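Biologist: Before I look at the picture, could you take me through the features one at a time, giving the general idea and then the case here?

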Amino acid sequence: MDKVACIIDGRYIYWRSIIVALAVLAAVLMALALWLRRKKEPAALFVALPFAIVFSLFFARLIHWYCRFEVYESLWSALCSPEGGYSLTGAFAGTLLAFALVRLLRLTRSFASLLDCAAPAAAFGIALGRLGDLFSAADRGKLLISGEAYHHLPFAAPVTNAVSGAVEWRFASFFVQSLWAGIIFLILITVTLWPEKKGGKKRDGSIFLLFMTLYCLGQILLDSTRYDALFLRSNGFVSLVQILCTTVLVLILVLRSVRSIRAGGFSRWYPAAWVMALGALGATGYMEYYVQRHGNEFLLAYSVMAMCLTAYFFASLAAGDS
Amino acid sequence: MTETRKNRTVLTVVFSTVFFLSACALIVLMALAMGGEKTVRDGTRLTAEVASGFDMYINNMTASAMDGVLPIPKVYYLAEDVTVAPEPDQSLFGSSTAPEDTLSVLQDAAGLLDGDATFWQPDTVLMPGSSVRWYLDETILVFTWKEVIDRCVYTFSEAKVSHPSQFRRYFADNTFAAPRQYAPSEMAAAVNAVSAMSGDFYKFRNMGHVVYQRELYRVEGRSIDNCFVDSGGNLHFVRRRELLEEDEVRRYIDENDILFSLSFGPVLIDDGEIAVPANYPVGEINELYARAAICQLGERHYLMVTVNQEGPYLNASKAVDVARTLLDRGVPNAYTLDGGQTGAIIMNDQLINAVQFGSQRSISDIIYFATALPEQEGDA
């Protein structure tokens with residue numbers, strides 16, 4: 001299914017692999033540029049990079065093996081063979097582990113600063129990397145787009161049916177993910193480069209928290225549209241990405257609340273913000289259930305879901321200081 | 001102090017360069033080594049199937065050449081590894097709100113039926129406002145209709161085929177555990193099914209044996225009843241805990257010439273006896289629920305059934321209710337497939353039954369009936 005860019009010594013080189021590799025390179029350079037801008041502990045990120053890549057590949061394949069174990073002969077063959085899939089979630093886990101390792105080696109004093117530099121770079125990399133799916137059949141929408149007026153990006157992307165050979169126009173989930181990641185990148189880079197007020201200082205980790213919040217909000221909705229989402233072995237309804245993103249959003253809410261209570265004491269508005277944020281996540285979950293049951297009402301379901309996720313965003317901002 | 005700082009700076013630059021170059025090398029390796037999509041597919045029988053198709057071609061060309069000289073019956077079948085069946089002739093589909101209109105279809109199908117009685121009867125009372133649909137060519141007869149029974153809507157799709165190869169199974173993208181899932185009607189359209197039905201949704205749960213195109217992909221015989229389909233198109237029921245070890249399953253496949261399996265269950269009717277157990281791990285058999293089942297009526301003669309709520313008919317069924325209804329109507333063998341929102345019957349790429357919640361779910365597999373008549377006679 002993947003389109004081949006060239007053949008070198010009998011080995012197929014896929015367009016998707018090239019684009020993903022370029023996206024990783026772009027993300028690496030972006031992260032380095034932001035890190036070196038700090039003029040402190042320059043070696044930390046350099047040391048973290050190769051570990052981050054190796055760990056990311058390992059976890060990305062491990063998660064893919066867990067969710068799609070039936071396509072691999074064994075865990076060992078999954079980890080050793082280049083053939084197969086990867087889960088982007090693993091890249092997050094791998095990068096976090098590499099940064100933790102660098103922190104343990106005392107190459108940096110601020111784990112959170114590393115994350116802050118990596119966050120815009122990650123958004124940039126995802127925005128580019130998702131475009132690789134233009135050259136594969138991955139990450140399309142369950143929805144077939146019948147109206148020819150919509151047979152173009154960003155609405156629909158063509159995919160050739162593996163069996164009949166017919167071209168299907170499906171919702172371009174990957175392209176919308178790319179656009180969303182691009183928007184997140186613009187927001188994060190603006191916040192990162194925005195001059196700090198006199199006497200004020202951006203709190204370490206705040207850029208990363210903003211990135212995770214925006215990225216998870218987008219993924220909860222967009223992963224729902226995919227026809228090839230990854231699922232836990234014990235649950236075929238809610239995708240792995242949706243479960244993880246929801247968990248991260250709850251953790252972010254807790255973290256922000258704790259940080260703001262520690263910094264400025266308890267405010268009577270907080271409980272209302274918590275209820276609103278958790279209620280919005282609950283309503284999002286219900287809409288996921290609804291759209292799975294009533295797939296033909298996807299516009300209504302995804303509109304409500306988007307409103308709920310927006311409500312979560314503002315509620316979580318109200319519950320935090322960073 | 002200055003010397004130390006200078007040394008540290010040099011070390012930092014050297015180490016940073018080394019690690020950065022390592023990262024770049026890894027990225028290049030990624031571009032070169034990341035493979036395409038992994039699939040589990042077997043193409044080893046291709047040569048044999050091409051030869052088999054050639055036999056059919058020779059037979060039918062000879063029959064055409066000898067027409068009027070020597071009666072050689074034409075034989076049509078589908079090779080095992082052919083996934084996309086010939087496209088059915090649209091002019092041979094029909095529908096009517098008057099059941100008696102099917103009398104002529106039944107007369108035309110007499111040769112294909114070869115004395116078999118059909119489950120469909122021209123005096124059937126259709127669900128108000130619905131119609132009976134049919135398709136008939138030299139190789140397949142299909143009737144699809146809806147009836148109201150116990151205030152539930154039963155959608156039946158009966159198929160009689162001239163060759164067992166026309167009863168087929170299809171996994172999304174023709175691949176076991178493919179990453180993508182599709183609506184049953186999309187899959188039916190992809191393979192040119194005359195009629196089709198959602199399967200067991202094997203990817204949703206890790207229960208039951210999975211055999212597809214003679215290959216054994218999953219061994220799990222502890223939890224649920226399995227239904228195996230042999231090369232003669234016959235259903236074989238294997239109860240849970242009867243076949244546990246991989247060796248046993250492989251032997252069973254070889255001895256019974258099994259082509260594919262269905263793993264949901266339970267067995268509803270086995271050889272004219274209701275076989276529904278008291279408890280079962282999937283399908284909420286004792287709850288009121290939308291149901292789906294595949295039945296074998298005779299040799300190369302099948303019935304696909306779904307039970308749904310539709311319009312004013314809002315009852316739902318327990319598994320045993322469906323078994324009783326089918327047995328009362330003379331069905332000798334029936335096996336439960338995934339019901340609920342999964343259960344869908346498709347004819348000519350159109351969804352026929354009122355799927356629960358009003359829209360089809362994306363699933364991993366279907367079963368289907370196809371014409372074996374080549375799209376152009378010259379292809380035979």
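Modeller: What follows goes through the interface, a surface patch and some backbone details.

Modeller: This is a predicted model, in which local features need pLDDT of at least 70 and side-chain atom pairs count only at pLDDT 80 or more, while totals for chains, interfaces and linings use all residues. Residues are numbered from 1 along each chain as its sequence is written, chains are lettered from A in the order in which they are written, and side-chain values use heavy atoms, with hydrogens and water left out.

Biologist: How many residues of chain A are in contact with chain B, and what area is buried between the two chains?

Modeller: Contact means heavy atoms within 4.5 Å, and by that rule 56 residues of chain A touch 43 residues of chain B. Buried area is the accessible area (1.4 Å probe) that two parts lose on being put together, summed over both; between chain A and chain B this comes to about 4300 Å², with carbon and sulfur atoms giving 66%. On the chain A side, A:Glu70, A:Val163 and A:Arg293 lose the most area to chain B, together 16% of what that side buries.

Biologist: Which side chains meet in a salt bridge between the chains?

Modeller: A salt bridge is a side-chain nitrogen of Lys or Arg within 4 Å of a carboxyl oxygen of Asp or Glu. The structure holds 24 of them over all chains, and two are counted between chain A and chain B. In one of these, B:Glu186 pairs with A:Arg170 at 2.6 Å, N to O. B:Glu186 sits in helix 5 (residues 184–190) of chain B and A:Arg170 in strand 4 of chain A, where helices (H or I, at least four residues) and strands (E, at least two) are DSSP runs, numbered from the N terminus.

Biologist: Which residues form the nonpolar patch on the surface?

Modeller: A patch is made of residues with over 30% relative accessible area and no salt bridge, nonpolar side chains (Val, Leu, Ile, Met, Phe, Trp, Tyr) being joined within 5 Å and like charges within 9 Å. Accessible areas come from the Shrake-Rupley method with a 1.4 Å probe, and for residues only the protein chains shown count as cover. Here the patch consists of A:Val250, A:Val254, A:Val258 and A:Leu278, with about 280 Å² of accessible area together, and helix 8 (residues 240–264) of chain A gives the largest share, three residues.

Biologist: Where is a peptide bond cis, and which residue has a positive phi although it is not a glycine?

Modeller: Most residues other than glycine have a negative phi, and most peptide bonds are trans. A cis bond joins A:Leu153 and A:Pro154, with omega about 10°, and another runs from B:Gly265 to B:Pro266, with omega near 10°. A:Asp9 has a positive phi of about 50°.
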